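Trainee: Here is the model I have to go through. Please take me through it piece by piece.

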Amino acid sequence: MRVVTDLLMTTHQLMLKKMIRLIAATDRKSGLAKQGFQPWNIPDDEKYFNDHTKSHGGNVLIGAITFKTIGRPLVERQNYVLTRDKTPVEGVELVHDLESFLKDYKDRDLWVVGGANVFSQVIGADKADELYITHIEADFGCNQFFPEFVEKFKLVDESELHEQNGFIYRYAVYKKNK
Ligand SMILES: NC(=O)c1ccc[n+]([C@@H]2O[C@H](COP(=O)([O-])OP(=O)(O)OC[C@H]3O[C@@H](n4cnc5c(N)ncnc54)[C@H](OP(=O)(O)O)[C@@H]3O)[C@@H](O)[C@H]2O)c1
């Protein structure tokens, strides 16, 4: 009986565990962007991004530069924009202190959607639970990169190769090592 109770409690705790997930598309050198833009156009990957970031409650954390590049809040999601600028922005909640935001962020799931600077800080602070990376089989000569993560994470899911608009890519999911 005790074993069953313990098992039920563990299952319950696991169900309650909220996760911080990072989602990005990278080239074979972990490149995220070239001169401020993504040098590829893969609509199916955009759909993958939108479908995933709307799941698990649809809370997204986005760096101010990436937010400006997109030019509007991501629809059907709660947008948290990381910036030191205190000027309010319609349709988003501003986050000025990443460390306290992540520390207090325990009761909901969160998608961190970039850019390079934000990915680097979240991985560096050991706050990421899962990574959803679209690996594109090309080198675009990017000048911004996804941080090194292979030592801290293990691959748990990988799709077959896809092709769209001449780009070959696959979806991968990594989990933080215990
Ligand atoms: N391939 C992909 O999957 C992907 C995904 C997302 C973005 N991107 C690319 O990444 C590039 C942008 O990345 P980025 O590194 O230049 O910029 P970013 O990470 O989008 O935003 C950086 C900005 O966030 C704010 N910020 C960062 N850390 C902060 C902190 N601790 N506290 C408060 N505010 C903080 C600052 O904004 P303020 O200056 O306003 O204070 C900083 O300038 C774009 O080219 C975009 O296309 C690629």
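**Sheet, core and ligand shell**

Trainee: How many bridges join strand E9 to E11, and in which sense do they run?

Mentor: Strand E9 (residues 153–158) is joined to E11 by five bridges, and the two run antiparallel. Within that pair, Asp 157 sits opposite Val 173 of E11. Strands pair if DSSP finds at least two bridges between them. Strands (E, at least two residues) and helices (H or I, at least four) are DSSP runs numbered from the N terminus.

Trainee: And the ground rules?

Mentor: This is a predicted model, in which local features need pLDDT of at least 70, side-chain atom pairs count only at pLDDT 80 or more, and totals for chains, interfaces and linings use all residues. Residue numbers start from 1 along each chain as its sequence is written.

Trainee: Which residues stand opposite Tyr 169 in E11?

Mentor: Ile 136 is one, and His 162 is another. Ile 136 belongs to strand E7 (residues 130–136), which pairs with E11 (residues 167–176) in the antiparallel sense over seven bridges. His 162 is in strand E10 (residues 162–164), joined to E11 by three bridges, also antiparallel. The hairpin of E10 and E11 has two residues between the strands, and Asn 165 takes a positive phi near 55° there.

Trainee: Other topic. Which residues touch the most other members of the largest nonpolar core?

Mentor: Leu 22, Ala 24, Leu 61, Val 112 and Phe 119, out of 32 residues. Such a core is a set of buried Ala, Val, Leu, Ile, Met, Phe, Trp, Tyr and Cys residues joined through C-beta atoms within 7 Å. Buried means 20 or more other C-beta atoms within 10 Å of the residue's own, exposed 12 or fewer, and partly exposed in between, with C-beta atoms placed from the backbone.

Trainee: Which element gives the largest share of this core?

Mentor: H5, with five residues. As for Ala 24, beyond its neighbours within four places in sequence it contacts Leu 32, Gly 114, Phe 119, Ile 133 and Phe 146; contact means C-beta atoms, placed from the backbone, within 7 Å.

Trainee: What surrounds the ligand?

Mentor: A shell of 26 residues, the closest being Ala 33, Gly 63, Gly 114, Gly 115 and Asn 117. Near here means a C-beta atom, placed from the backbone, within 6 Å of the molecule. E1, E2, H3 and H5 each give at least two residues to that shell.

Trainee: What joins Gly 114 and Gly 115?

Mentor: A cis peptide bond, with omega about 5°. Gly 115 is in the loop between E6 and H5. Most peptide bonds are trans, and most residues other than glycine have a negative phi.

Trainee: Why does His 56 count as partly exposed?

Mentor: Because it has 14 C-beta neighbours inside 10 Å. Ser 30 is also partly exposed, because 17 other C-beta atoms lie within 10 Å.

Trainee: And is E3 mostly covered or mostly open?

Mentor: Mostly covered, as four of its five residues are buried. E3 runs parallel to E4, joined by five bridges, and Val 60 has Asn 79 in E4 as its bridge partner.

Note on methods:
Two residues are in contact if their C-beta atoms, placed from the backbone, lie within 7 Å.
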